Amino acid sequence: MATYQEFIQQNEDRDGVRFSWNLWPSSRLEATRLVVPVSCLFTPLKERPDLPPVQYEPVLCSRANCKAVLNPLCQVDFRAKIWACNFCFQRNPFPPSYAGISEVNQPAELMPQFSTIEYIVQRGPPTPLIFLYVVDTCLEEEDLQALKESLQMSLSLLPPNALVGLITFGRMVQVHELSCEGIAKSYVFRGTKDLSSKQIQEMLGLAKPAAAAAQQQGRPPVCLFLFRFLQPVHRVDMNLTDLLGELQRDPWPVPQGKRPLRSTGVALSVAVGLLEGTFPNTGARVMLFIGGPPTQGPGMVVGDELKTPIRSWHDIQKDNARHLKKATKYYEAMANRSAVNGHSIDIYACALDQTGLLEMKCLSNLTGGHIVMGDSFNTSLFKQTFQRVFSKDYNGDFRMAFGGVMEVKTSRELKVCGAIGPCVSLNSKGSCVSENEMGVGGTSQWKVCSLNPSTTLGMYFEVVNQHNAPVPQGGRGVVQFVTQYQHSSAQRRIRVTTIARNWADAQSQIQHIESSFDQEAAAVLMARLGVFRAESEEGPDVLRWLDRQLIRLVKTHLKSSFSSSRLHLQFMFHLRRSPFLQVFNNSPDESSYYRHHFVRQDLTQSLIMVQPILYSYSFHGPPEPVLLDSSSILPDRILLMDTFFQLVIFHGETIAQWRKAGYQEMAEYENFKQLLQAPLDDAQEILQTRFPMPRYIDTEHGGSQARFLLSKVNPSQTHNNLYAWGQETGAPILTDDVSLQVFMDHLKKLAVSSSA
Amino acid sequence: MNVNQHTPMASPYGQPQPGYGQPGYAPLDGGYPAPYAPYNGPASAYQPGAPQQGPARGPPASGAPPVSAPQPYNQYSQSQGDMQNGPPLMTQAPPRPAVSQPYNHGAVNLPGPQPSFPQHYGPPPSMQQVTNQMTGMQIASGPPTPAGPGYAPPHSSQPPVSNAYSAAPPPSYTHAPPPVSSAPTQPPPPSGPAPSQQYYGGPPPPSQQQFNSSLPPTSQQQFTSPAPPPSSQQSFPPTSYSGPVPPPSQAPAPQVSQPQQPFPPTQPPFSSAPPPVSQPAFVSGPPPPAQGSFPPRAPPPSSQPGSFPPPGPPPTSLPSGQYTGPMPPQQQPPPTQPSPYHSGPPPPGSQMPPTSMAQSNHLPPGPQGPPGPPGPLQQHPPQPGMPGGFPPQQNGAFGQVRGPQPGYAGPYPGQPNYGAPAPAPAPAPPAQKRLDPDAIPSPIQVIEDDKAKSTEPFTTGVRGQAPPLVTTNFQVKDQGNASPRFVRCTAYNMPCTADMAKQSQVPLAAVIKPLATLPQDESPPYLVDHGEGGPIRCNRCKAYMCPYMQFIEGGRRFQCGFCSCVTEVPPHYFQHLDHTGKRVDCYDRPELSLGSYEFLATVDYCKNNKLPQPPAFIFLIDVSYNAVKSGMVNIVCQELKTLLDYLPRENPEMDSMVRVGFVTYNKVLHFYNVKASLAQPQMLVVSDVSDMFVPLLDGFLVNVNESRLVIESLLDQIPEMFADTRETETVFGPVIQAGLEALKAADCAGKLFVFHTSLPIAEAPGKLKNREDKKLIGTDKEKSLFQPQVGFYNTLAKECVAQGCCVDLFLFPNQYVDVATLGVVPVSTGGSVYKYTYFQAQTDKERFLNDLRRDVQKLVGFDAVMRVRTSTGIRATDFFGSFFMSNTTDVELAGLDCDKAITVEFKHDDKLSEETGALMQCAVLYTSCSGQRRLRVHNMAVNCCSQLADLYRNCETDTIINFFSKYAFRGILSNPTKAVRDTLVNQCAQILACYRKNCASPSSAGQLILPECMKLLPVYLNCVLKSDVLLPGADVSLDDRAYLRQLISCMDVAESHVFFYPRLLPLTKLESGSLPVAVRDSEERLSKGGVYILETGLHLFLWVGASVQQELLLNIFGTPSFSQIDPNMTSLPVLDNPFSERLREIIDSFRAQRSRYMKLMVVKQEDRTELIFRHFLVEDKSASGGASYVDFLCHMHKEIRQLLS
């Protein structure tokens, strides 16, 4: 057997799953002692170029409350044409179409390498993708121009049959009718009035005709009149391009000392209402582009007086943010409505100040939408990120899927506690649902309105087997993920992933269990729990909780293989300092933005977020990863730091001087030029694939932007211990934060001393 | 006045003589002059006449003479006494005199002339003379006698009537018995009344009938037969009585009837009324007795109508009874009546004798006398009626009077209005027959007279001088008082005390048209700029600098003419005074020498202390199914393309500053972005009608020139876009809200043009339901139909006014749209409502477009506040028009255009002095169409008088009618229409009675005496009472009534005049340069062989007689055949002949005069459409039950007599 490393890697490649423990303790008691719960990071739509989807329906267990899908772990009686469900042990006959089944003629789902398999099913007529642009017009002229161009460009990226719609807003909200010729028509809503979905549909003239038309025409559920506001791209390409071209800045005058009136809340409400009325339960993206905070109407985040600044963490902690609760509640309600209908909401916020992401984050968090934050629409960060939303996979399909419903089935010894990720609960209670909730729990089904290949959910389980009822030797715990979704080609698909792990007795096989510990996965999973808590609790509480967990972990494993969790502890150290848990130096919007991405990216990206990667470039050798430590900051090095959100190229003091002197321009210093170029090339590579585009920062020793680097590295050298450490190397960091070393020492002390 | 005076003065005597030849009598008449005497006089005069005619009369004559004699004296005395009238008249008289003279001539000609106006005049003269003399002025037609008769016949029938009525009496006989017996007691009346009413029809008929029926005929006949009478009548007619005239017509019959003829003649002279009465008297009474009897009766009645029951009461009751009685009798008895007459007369006579003394009353008595006999019967009935009316009072006064009242009902029965509904019809006809329409005051004559005398420009410098009539073309020279084009008053001599005002009941009001358009040859008000400090004003009352400010202390201070407060003259305004105390620069400064001028307002006079933005026009077009189908949308859009180049501007050289915006709507609203930078307009749909807002700012209101292409593109596309619409529901409230919000957003004032088709039933604020319920009409709940259905629009109107948002509403309904409610906002904001029922593109396009063009182009001010300040002693207490008032003094007008007039009523709050007169200053602060804030000031000074006669001599009936109509039309919001009508009649009766009592020379109570200036009051009032608003026909929709009601509320005097008394011109001969002389609005005046044009300010008809000459048809229509005339044509074919050219020119000039375009309707005689046309022949009985002029006059007379007794 390969090492756990290889096993883990293999599993991840095949199934998109990383478990914190790869051997499961066989009883609840033991599992609890392990501190880190049995949990996994699951990437439902992990790209599997090697996995051809099968074109038939999955075979389901006939037990009503089970409905597990036939999988390689099932026992099959080929002669009797019967298979036993490995979750409920129900014996099911194969359907007639499987008549020819035999040991040599097995369907794909029975082959071990198809532990993950994708079915294409025929469910209803295919519905086109829907993109509804919701555009803020209270922008600076340049920004608006850039945004308009991006939007026009995006039209060319859409499949011709995709439906597009346009809503613009400022002080008023305008729903543009795309079907008319001649005069450009739009329906206008007042930005200050909260309207119910029904009212909106009535006002848009969607109410009655919808029902009537549907009855008359029967078949085509999507009637022509519905196309008033949502039109196939190929039909309105020109129109819409012109329309976008003619978009004006919000014409209402903005008096001195005021913010423009921005009716984001109503605009979203109208967008959601429109889709609700026309295409319920169909994959759709509402793409919201905002250049500032909502300043009026429901969902308002800040008043229009410039003298009242937008809320900061300070205000929030002092309970001084007037609109926070109301706005949050408003957007939450809307997010839930939208999620119910399977529509996801993206937020593209480009402004120098905050835009109210804190309040609006749930829109994307609950519906699987993207949040992109930038300084201006007129930056490549936004432009390329936006372009990347429409990126395509090897098949030429969009890397996005809609209306996903993920169901988890577990074998009896295991129950599911919850999920953390861009999903909402579908409240499907079942036998495999634990009462102990972690993340979004209390259900075995979650809705993920929008998925992409990197969307990753953290799933938390609980071992419910009692200590006195040992699992039979060689028994395996099984988890099955059934994800139904609408593929970007409009097909309905179901992806089934079935995973099994061995049970182990924690008493006798503790070493085995410990060795199956996946530090990286565990770190990310714990971090997600922490972030999830941070959303609802005060920062210090979360930190204290995290610390207690760590102390317990250290204590439990101190005796045996503590070293194996050293990496884990290091992650935890950086997590404690990360913007996911620390709000210092971050605006509420930024915190929301970071957390949003943290809970949806896959393991690798998550790790980068927690502990940025630092590469060092020098004349001394090839580029090498170095410790994220202040000691790595040397004068003759160029550092490339990737924090996921930022790419920082840092030129050491000497390098910076050389560069200033212009050596790279001289032929004889060609090597210096190459040295300078090397990190740029690497950064470019990262930029190419990352979504959202990271902020690209080119700085040098003493540069103001160097703070991005300095705030991340382990402050092993500070102004406090500078001389104690001698003139070794590296640069001192001006901080009172403890270094990793101090943290570890302290942790050990606590683990040993305390009786906790 | 003048006329009266004149008439009285010279002509009377002289004329009378001619007229009757009984000149001698004339003198008598002269005698009449005495107020009472007048009547008597007239009577006597008549009598004289009678005498002349017949021996029978002789007696009367003899009798009369005595009377007359005294009368003459009286007259003189009166006249003197009336001096007021007289004198003033004199002064003013000049013009009139002329007229009167004509009269005389006319009189002379009378017989022949009658038909023609001259005749009228002629007759009038005589009549007038008589009356004049007698009354001094009234129409008295005085010939009081005549009057008596005249009135009597119809109305009054009063005693006179009764007399005349002796005929009536006869009937009365039938009735009479009861009456008589009961007569004394009123009880009978009751019974009688009813009958009377029915009879009414009868009664009046009686009188009429008499004419018609043998009785009347008799009487009339008498008159008529007495052909002579006609002449006399004519003479009378002039005065006012139609009576005479009728007689002639009826004369034949009467003649037949008999000896009376002689009398008749006399009677006729008397005025129809008198005739009857007198006639009877004459007839029976030999007259003399009759007359004598009259008096007697009068006395009795007067003394104790009741007590005297027999005689007196009868009389009194008679009057009424007569009406009633007569009527009934007439109806039935008529024939018999004659006989009764004879017989009757005697009785009266007998009665008469008793009273003899009451010669003055004679007439009345006469009537009574006649009535007496018949009267009793009649009276009884009347009495009953009376009771209801004024029994007691009347009794007190004169039995006769009472009689009249009762009669009222009866007589006027024709006018259901009056109370005696049923009767009315019948009566009316009879009445008509009886009275010679030519003998009663003729509007045409008055108008023509006024034209004739108004050759000089009218200068406003003389205080208390009444301007020429609105129908007259004249030039005005502003010499310190506002031109009558801006301000017209009901009275130019205000009574000094509240008591006098109350006694006279003459409304003190001014009709102000602040932005009136002036003719080319008169310069618009000068613009005065007093610099940064703003206009100079009195410190206390804030009156603006005007010619009434008296500079003192060498010019350092000025004393306010309104409140007498002394204010420092600012240094920059200082100027030395000359030796007369006038500022040296007096004539250099408009505000010191003119009646009307404008100040440039400073920022202190602006909203929010900010100079206003230029106003905006917003066009809101209904695009529901009906609107599109009718073609309205298409027409509006097409027209707007060109119309936008004609937005109002002050400087014709410059582009208009007015910005425009466009909205279309059905259940939802569509705003349009027409910003110049756009290639295509953009439509913004707002469906949230429950909470209206404006979806855009920039690009909604644009400058026409900048956005021309986009706007044109929009206007091209709107009809296309909605061509296939199936939306039938509309909203209305949100539409106005939208416009209002847009103006608010743009922070400017402006005007909304709303083109709307249907009842707004879609779910939205201001949603309405159909509440047209014919069953409510005539009930106490009727008033609710004129009130807005929901309060929403009142609130909205208030908001509109606050923003300076004026709303003009164009309605294109196919059914009930609830104009009463939809019109609330336009009316409160100074806007207009236009209504095109069953709009069809083809036929109504022209009218609509012309209205629209005018409405868009006309000069208009925004966000206006009008304040009327007055000198101590009077106060502006009430305002009528299209505006909103949030307090009791400031009239707020979101918009004020050149066609809007505001009627202001004044009341005394102290004594006025004859020396200083009464001053008023009307200041209107407004934003001009170029966005300039201005103050327009109109000053008006009138005299004050301590003699009622002065008041009556210097008043203007047209203005009074304007006031009355507005007053009444507002009254129906809170009172049943019947009550409103009664109030009107009552007030008029009081006005005339007051005159009769206090100003006219003594004369027979049976004589109707009208002040010269008010002699048209009855006919015009009748027109008001018959209007669709107050007396709807079965086919008049509620919407139409509400529409008219609102329309009247802001009419000026000229418009209301022609509206109530349409202009009817014969077109047989057309001369360039002058219009043919109009004819009176009566079918009788139409000749089968003629073509007539009739205009009301709203409608324009071309009536073609059935046997019109081919040549005329060829000239006008280009076809020789009557049957080939297309009744649907709305414009005349353009033919190349002088006649056609001139006719079209006339039509065009008519249209140019009116604020609304009049669609031409060709009416062929005997065609169905003639019904509509006839509706406007206001002197005739109307299909809806309105009384004819003659009937009404009789009724009025009766009322007056009732008041006097």
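User: How many cavities of 30 Å³ or more are there?
Analyst: The count comes to 10 cavities of 30 Å³ or more. Keep in mind that this is a predicted model.

User: What volume does the largest cavity have?
Analyst: About 270 Å³.

User: Which residues lie nearest its centre?
Analyst: A:Gln174, A:Gln248, A:Pro251, B:Asn673 and B:Gln682. The lining of the largest cavity has 25 residues.

User: And which helices and strands supply at least two residues each of that lining?
Analyst: From chain A, β9 (163-169), β10 (172-177), β11 (184-190) and α6 (233-246). From chain B, β14 (682-686).

User: How does the lining of the largest cavity divide into nonpolar, polar and charged?
Analyst: It has 11 nonpolar residues, nine polar and five charged.

User: Next one. What is the volume of the second largest cavity?
Analyst: About 210 Å³. It is lined by 21 residues. Closest to the centre of this second largest cavity are B:Lys900, B:Leu1047, B:Cys1050, B:Ser1155 and B:Arg1156.

User: Which element gives the most to that lining?
Analyst: α53(B), with three residues. In chain B, β17 (833-835), α53 (1038-1049) and α54 (1053-1060) each supply at least two.

User: How do the residues lining the second largest cavity divide?
Analyst: Nine are nonpolar, seven polar and five charged.

Notes. Residues are numbered from 1 along each chain as its sequence is written. Chains are lettered from A and ligands numbered from 1 in the order in which they are written. This is a predicted model: local features need pLDDT of at least 70, side-chain atom pairs count only at pLDDT 80 or more; totals for chains, interfaces and linings use all residues. Side-chain values use heavy atoms; hydrogens and water are left out. On a 1 Å grid over the protein atoms alone, a cavity is a set of points where a 1.4 Å probe fits but cannot get out, and a pocket is an open set with protein on both sides within 12 Å along at least five of seven lines; lining residues have an atom within 4 Å of a point. Grid points are joined across faces, edges and corners, and a volume is the space filled by probe spheres set on the points. Helices (H or I, at least four residues) and strands (E, at least two) are DSSP runs, numbered from the N terminus. Ala, Val, Leu, Ile, Met, Phe, Trp, Tyr, Cys and Pro count as nonpolar, Asp, Glu, Lys and Arg as charged, and the others, Gly among them, as polar.
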